[in-house]
Each structure stands twice: as C-alpha cells, then as structure tokens.
Amino acid sequence: MRMRRKKNLESRLEECKSYLLPCDTADLNFENEEGNKALYDIEKIFGSCKPLVLEIGCGKGAFACEFAKRNPDKNIIAVEKVGNVIVAAAETAMAQGIPNLRFMKCAAEYLPRFIPSGSVSEIYLNFSCPFPKAKYAKHRLTHPRFLAIYKELMAPGAVICQKTDNPRFFEFSIENLSQAGFALSNVSLDLHASGFEGNIVTEYEHRFASQGLPIYRLEARLQK
C-alpha cells in the first residue's frame with residue numbers, strides 16, 4: 001500500500017533544506033549517469049575531510065542520527081528515496097543540531113552521479129526491503145547491480161555492514177557479496193545473542209527483536 005503524502009511535505013522539506021543535499025533526478029535515467037555527473041564537494045559540505053559514511057535506506061533516521069553523534073570523527077550521508085520518511089529524519093537531525101550528518105532524497109541507483117568514486121569508507125544497509133519474490137530480486141540492495149555501484153564509490157579496504165531479519169535475504173547477500181570479491185567477517189546469525197558491542201538498534205530491529213526474531217548481521221570488506 002502506498003504511503004499517504006504527509007501534510008505540508010514540501011514546506012517541511014524546505015525548512016530543513018540545510019540538512020538535505022541537492023539531488024535532482026527527476027529527468028535523469030540512472031543508466032546514463034556517466035554523462036550527467038554532479039559530484040558533491042564533500043569537504044565543502046561538511047567543512048572537513050573526515051572519513052565518509054553512507055547509510056542507504058535510512059528510514060526516519062534513528063540509526064544515522066545516533067551513529068553521527070557517536071562518531072564525530074566521521075561525516076555521514078544518509079540516503080532515503082521516500083520524501084514522507086526522509087523529512088522526519090532531517091527534522092530530527094536539525095532539531096538535535098548534528099553537524100556531521102546530511103541526507104539525500106534519491107534512489108541508490110543515482111548515487112554515482114553525486115558521490116565521488118573511491119570516497120566512501122563505510123556503507124550501512126539496515127533492514128533493507130528483502131523483496132521476497134524472485135522476480136523482484138534485482139531491487140534488493142545486495143543484488144550485483146547495486147554491489148557494482150558500491151564498489152565504484154568505496155575506498156580500498158572500505159566495508160559494507162548489513163543487518164536484516166530475513167534469512168533468505170541474508171543468504172542472498174552472502175552469496176552475492178562473496179561472488180563480487182568481498183571478504184566477509186563478523187557474520188552473525190543472532191546478533192543480540194552474540195555479544196557484539198556498539199550495536200545501534202534501529203526502529204525495525206527493535207520491532208523484530210521484540211517478536212523473538214533473530215537479527216542477522218555481516219561485514220563485507222572491499223579487498224585491496
């Protein structure tokens with residue numbers, strides 16, 4: 001079911017535009033990005049050249065905001081394609097005055113248009129939609145077409161961190177990441193029972209864990 005458009009969405013987005021990076025993709029075909037680059041000046045945006053972190057599919061921004069506060073030595077860009085959702089995330093970051101966090105309202109396919117190649121040190125995929133039907137597999141954020149995008153953006157030795165509640169999606173991710181040449185580590189089939197330290201619990205994670213569902217997590221490092 002399609003989410004109902006929030007009241008005063010455009011005016012709310014305008015009010016928090018200092019936290020929203022410009023990313024107009026309305027008239028672009030993401031398959032032709034090479035000739036349509038509009039790369040961000042990351043140092044200018046944040047006023048520093050700290051390591052750059054992406055969260056793709058940030059939802060209402062709970063993870064991004066907490067991660068940014070815990071890691072003032074990093075710059076974070078959180079990506080979400082749904083305006084109804086990202087407006088809440090940007091409003092939260094603005095209300096808390098988080099200096100090292102910005103948001104992009106776009107689909108992941110468009111990231112190479114804006115994010116410089118080789119600039120990203122960490123990518124977080126937290127509870128991405130698993131698209132359980134096989135015919136929609138290409139929309140999963142660990143499908144080979146997305147992994148190719150990430151590899152273009154990632155610096156040598158950069159890491160992808162994924163969490164999900166869906167075991168089939170997790171298996172799909174492990175298979176594709178391995179075939180794409182990523183080295184897997186810290187693979188957990190029950191994160192909350194693993195003793196892993198420093199975990200930031202997302203909205204979905206809290207819901208799933210409260211239902212007794214295991215949380216799956218992995219790290220996939222781009223080999224030098």
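## Terms and basis

A residue is called buried when its relative accessible area is under 20%, exposed when that area is over 50%, and partly exposed in between, as judged with a 1.4 Å probe on protein chains only. The structure is a predicted model, in which local features need pLDDT of at least 70 and side-chain atom pairs count only at pLDDT 80 or more, while totals for chains, interfaces and linings use all residues. Residues are numbered from 1 along each chain as its sequence is written, and side-chain values use heavy atoms, with hydrogens and water left out.

## Helix 3

Helices (H or I, at least four residues) and strands (E, at least two) are DSSP runs, numbered from the N terminus. Helix 3 covers residues 62-70, and its buried residues are F63, A64, C65, F67 and A68. These buried residues pack against several elements, among them strand 1 (52-56), strand 2 (75-79) and helix 4 (83-96), where contact means heavy atoms within 4.5 Å.

## Strand 7 and its partners

Strand 7, residues 216-222, is mostly covered, with six of its seven residues buried. Two strands pair if DSSP finds at least two bridges between them. Strand 5 (residues 154-164) runs antiparallel to strand 7 and is joined to strand 7 by six bridges, whereas strand 6 (residues 182-188), also antiparallel to strand 7, is joined by five. E219 of strand 7 is the bridge partner of C161, and S185 likewise stands opposite E219.

## Cysteines

With a disulfide taken as a pair of cysteine sulfur atoms within 2.5 Å, a search of the whole structure finds zero disulfides. For C161, the nearest cysteine sulfur is that of C58, 16 Å away, and C161 is buried, with a relative accessible area of 5%.
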